[in-house]
Amino acid sequence: MNVDTLVKTTLEKLGCPVERLKYDGKAKTFITYQIVVGQDTHFSDDESGAEEFTYRADIYSRVDYIALMRSAKRALKEAGFYGITFDPEVFEESTGYYHIPVEFKYMEV
C-alpha cells in the first residue's frame with residue numbers, strides 16, 4: 001500500500017467522507033487531504049535511504065468536532081504517521097463549517 005492510499009484509508013475509518021483536495025457532497029462533517037511535500041532523506045553515499053511525506057488534512061464540521069480530532073490523531077499514530085500538528089481552528093461564516101487543519105508526516109523506507 002502506498003502512503004497516499006494509507007492516508008485515505010486511515011481517515012475513512014473515522015466514519016465521514018474523505019476526498020483529495022475537494023469535497024462536493026453535503027455531509028455535516030467531511031475531510032479533505034493533500035500532499036504538501038515529498039522529499040528524499042537518510043542519505044548515504046549520495047543515495048536516499050527513505051522518502052518523507054508531509055500531508056495536510058482539513059476537517060470540516062458543522063457539529064462538535066473535538067472527539068473527531070482526538071480519533072484522527074489516534075488513528076494516524078496507529079497507522080505510522082508522526083509529527084501530527086493541529087493548526088488553529090476557524091469558523092467559516094460563508095459555509096457554516098468549523099475548519100480544523102492538521103499536518104502529519106510519514107516515512108517510507
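Student: How many helices and strands are there in the chain?
Tutor: First, this is a predicted model: local features need pLDDT of at least 70, side-chain atom pairs count only at pLDDT 80 or more, and totals for chains, interfaces and linings use all residues. Residues are numbered from 1 along each chain as its sequence is written, and side-chain values use heavy atoms, with hydrogens and water left out. Helices (H or I, at least four residues) and strands (E, at least two) are DSSP runs numbered from the N terminus, and read along the sequence they give α-β-β-β-α-β-β-β. So the tally under that DSSP rule is two helices and six strands.

Student: What share of the 109 residues counts as buried?
Tutor: Buried means under 20% relative accessible area, exposed over 50%, and partly exposed in between (1.4 Å probe, protein chains only). The C-alpha atoms fill a box of roughly 55 × 25 × 25 Å along the principal axes. Of the 109 residues, the buried share is 36%.

Student: Which residues have the most contacts inside the largest nonpolar core?
Tutor: A nonpolar core is a set of buried Ala, Val, Leu, Ile, Met, Phe, Trp, Tyr and Cys residues joined through side-chain atoms within 4.5 Å. The largest one has 22 residues, and the elements giving two or more to this core are α1 (3–12), β2 (29–44), β3 (47–61), α2 (66–78) and β6 (97–108). A second, separate core of five residues includes Ala27, Phe30, Tyr60 and Tyr97. Back in the largest core, the residues with the most contacts are Leu11, Phe81 and Phe104.

Student: How are the ring planes of Phe81 and Phe104 arranged?
Tutor: Rings of Phe, Tyr and Trp (its six-membered ring) pair if their centres lie within 6.5 Å; planes under 30 degrees apart are stacked, over 60 edge-to-face, and the rest tilted. By this rule there are ten aromatic pairs. Phe81 sits in the loop between α2 and β4 (82–86) and Phe104 in strand β6, 23 residues apart. Because their centres are 5.2 Å apart and their planes at 85 degrees, the pair is edge-to-face.

Student: Which side chain makes a polar contact with the side chain of Ser61?
Tutor: Ser61 lies in strand β3 and is buried because its relative accessible area is 1%. A polar contact is a pair of N or O atoms within 3.5 Å; within protein, one must be able to donate a hydrogen and the other to accept it, and residues adjacent in sequence count only if both atoms are side-chain atoms. A polar atom of the Ser61 side chain lies 3.0 Å from the backbone oxygen of Val63. The side-chain partner, at 2.8 Å, is Thr29.

Student: Which residues is Val63 in contact with, leaving aside its neighbours within four places in sequence?
Tutor: Val63 is in the loop between β3 and α2 and counts as partly exposed because its relative accessibility is 39%. Contact here means heavy atoms within 4.5 Å. With sequence neighbours set aside, Val63 is in contact with Lys28 and Thr29.

Student: Which side chain makes a polar contact with the side chain of His99?
Tutor: His99 is in strand β6 and counts as buried because its relative accessibility is 10%. Beyond four places in sequence, His99 touches residues including Arg56, Tyr60, Pro88 and Glu92. Its polar side-chain partner, at 2.7 Å, is Asp58.

Student: What is the phi of Leu21?
Tutor: Most residues other than glycine have a negative phi. Leu21 lies in the loop between β1 and β2 and counts as exposed because its relative accessibility is 56%. Although Leu21 is not a glycine, its phi is positive, at about 65 degrees.
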